[in-house]
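Me: Hey, can you walk me through this one? I'd like to start with the rings and then look at the strands.

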Amino acid sequence: MTSPIIHSPPPAILAPMDDHAQHWQACLQNNQKFVAQSKLLLISGRLTKVTGLVMEAVGLKMAVGSTCVIELPNNRIEAEVVGFSGEKLFLMPENDVHGLIPGARVVPLEPVSAPLLGGKQRTFRRRATDHTRHLPVGDKLLGRVLDGAGRPLDQLGPLVAVTTAPSQSRPINPLNRAPIEDVLDVGVRAINNLLTVGRGQRMGLFAGSGVGKSVLLGMMARYTSADVIVVGLIGERGREVKEFITNILGEEGMARSVVVAAPADTSPLMRLQGAAYATTIAEYFRDQGKHVLLIMDSLTRYAMAQREIALAIGEPPATKGYPPSVFAKLPQLVERAGNGTEGGGSITAFYTVLTEGDDQQDPIADSARAILDGHIVLSRRLAEQGHYPAIDIEASISRAMNSLVSEQHFTLVHRFKHVYAHYQRNHDLISVGAYVNGSDPLLDEGITLYPYMERFLKQGMFERESYASGITAFNHLFEDLH
């Protein structure tokens with residue numbers, strides 16, 4: 001078999017090829033410089049419909065939770081993708097939609113894949129690599145008041161030397177969380193002794209309007225033994241924001257606090273984002289090994305904001321007008337609080353829940369009671385009697401208390417509640433003089449102890465009672481009378 005003959009090119013042809021290679025290499029370098037200096041391909045869509053709070057856009061494929069900008073001739077409006085149907089995206093604006101026009105350009109701020117020639121895909125990233133908005137966090141936020149988008153509201157200048165973190169994060173693996181073992185001193189005698197709270201516990205503050213809810217929150221913010229305090233004022237009146245900061249929180253509390261305010265006049269999206277942002281700030285400080293007190297006022301307004309969004313995009317109502325997504329959102333927010341890993345920081349959270357007409361069976365109140373680690377109920381009857389803080393001891397409970405206090409103290413608390421509740425049930429009988437002393441030994445004890453119990457439960461808003469001194473006074477309550 002004859003071997004194939006391989007003809008090599010003559011040497012004279014090789015020399016010109018070297019010149020061509022140098023030429024093409026120079027062209028390639030020039031093209032690389034041109035590509036580096038050129039602008040990236042920008043994918044955009046257009047606005048097709050605006051109905052109430054919801055806008056529809058076409059021409060884009062974006063994930064739920066992504067952020068985009070609607071460009072106008074003299075303005076730009078940021079919006080978030082809250083749903084989709086076929087090729088249509090449902091957008092929710094962060095602020096007023098005044099000035100929107102049909103066909104306005106919609107530009108994504110999140111990763112979007114664009115088709116290139118040949119059917120390949122190329123991704124252009126304009127912000128973070130995930131689909132969650134990143135907002136500022138850090139020690140420089142202490143003493144500042146921010147809105148739900150991380151913009152300062154206190155006119156103290158822009159934020160400097162801060163890092164960013166995603167506003168939505170997944171909760172810690174429950175098996176990796178440290179257990180609730182340490183008592184948190186909140187400075188309120190009734191809570192410290194009868195409803196003992198532990199570091200990393202999540203408590204609900206159930207109250208109607210005008211029963212001293214904000215005052216009690218301010219007392220805990222000023223007197224709680226926490227390293228950092230994060231306050232989320234969600235859906236409240238704008239007037240209350242300044243009053244809470246100036247009159248209730250005060251300079252002492254504000255010095256170690258971060259306040260996130262999303263008042264009632266902001267869009268429902270900003271109210272949702274404000275609650276998530278306050279939790280993100282708390283998570284940052286917890287990850288730094290600090291003990292954080294998170295105060296969220298209120299969880300009900302957060303649920304109402306989600307209801308507005310869900311109903312606007314067509315989700316059917318389920319329980320008393322609340323769509324199912326509302327009850328899915330609540331545990332997602334609450335579960336982000338709590339203890340970190342062993343030896344780390346903690347987030348002790350107090351969420352206020354508004355009870356319509358003081359109805360404790362309101363669907364949001366009922367759902368919150370099921371996912372929280374205890375609840376403190378404020379009574380309108382006590383508030384009308386001038387009893388502050390108006391804590392209804394009979395209806396309140398701390399689910400972690402039995403693992404925080406001694407058996408002796410827990411027995412005394414049970415006795416206190418038993419005597420107090422028995423007296424309250426027979427109060428009308430005693431008031432009209434129909435009760436004969438000696439008929440009921442437990443009620444006789446209640447008649448003797450009630451003035452001292454009532455005095456123990458009352459506390460001025462500028463009066464601080466430490467956990468240790470409260471325990472001593474609580475023990476003497478029974479010892480001195482028997």
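This is a predicted model: local features need pLDDT of at least 70, side-chain atom pairs count only at pLDDT 80 or more; totals for chains, interfaces and linings use all residues.

Me: How many aromatic pairs does the structure hold?

Reply: There are 8 aromatic pairs. Rings of Phe, Tyr and Trp (its six-membered ring) pair if their centres lie within 6.5 Å; planes under 30 degrees apart count as stacked, over 60 as edge-to-face and the rest as tilted. Phe-416 and Tyr-420 are stacked, because their ring centres are 6.1 Å apart and their planes are at 15 degrees.

Me: Which helix do Phe-416 and Tyr-420 lie in?

Reply: Both are in helix α10 (residues 407-425), 4 residues apart, which is about one turn of the helix. Helices (H or I, at least four residues) and strands (E, at least two) are DSSP runs, numbered from the N terminus.

Me: And how do Phe-416 and Phe-474 pair, stacked or tilted?

Reply: That pair is tilted, at 5.8 Å centre to centre with 40 degrees between the planes. Phe-416 lies in α10 and Phe-474 in helix α13 (residues 467-479), so the pair ties together parts that are 58 residues apart in sequence. One aromatic cluster takes in Phe-416, Tyr-420, Tyr-423, Tyr-450, Phe-456 and Phe-474.

Me: Switching to strands: how many residues of β17 are buried?

Reply: β17 is mostly covered, with 9 of its 9 residues buried. Ser-346, Thr-348, Phe-350, Thr-352 and Leu-354 point one way, while Ile-347, Ala-349, Tyr-351 and Val-353 point the other way.

Me: Which sense do β12 and β17 pair in, parallel or antiparallel?

Reply: They pair in the parallel sense over 6 bridges; two strands count as paired if DSSP finds at least two bridges between them. Met-203 has Phe-350 in β17 as its bridge partner. β15 also pairs with β17 in the parallel sense, over 6 bridges.

Me: What about β16 and β17?

Reply: Strand β16 (residues 338-339) pairs with β17 in the antiparallel sense over 2 bridges. β16 and β17 form a hairpin with 6 residues between them, and Gly-343 in the turn has a positive phi of about 80 degrees.

Note on methods. Residues are numbered from 1 along each chain as its sequence is written. Side-chain values use heavy atoms; hydrogens and water are left out. Buried means under 20% relative accessible area, exposed over 50%, partly exposed in between (1.4 Å probe, protein chains only).
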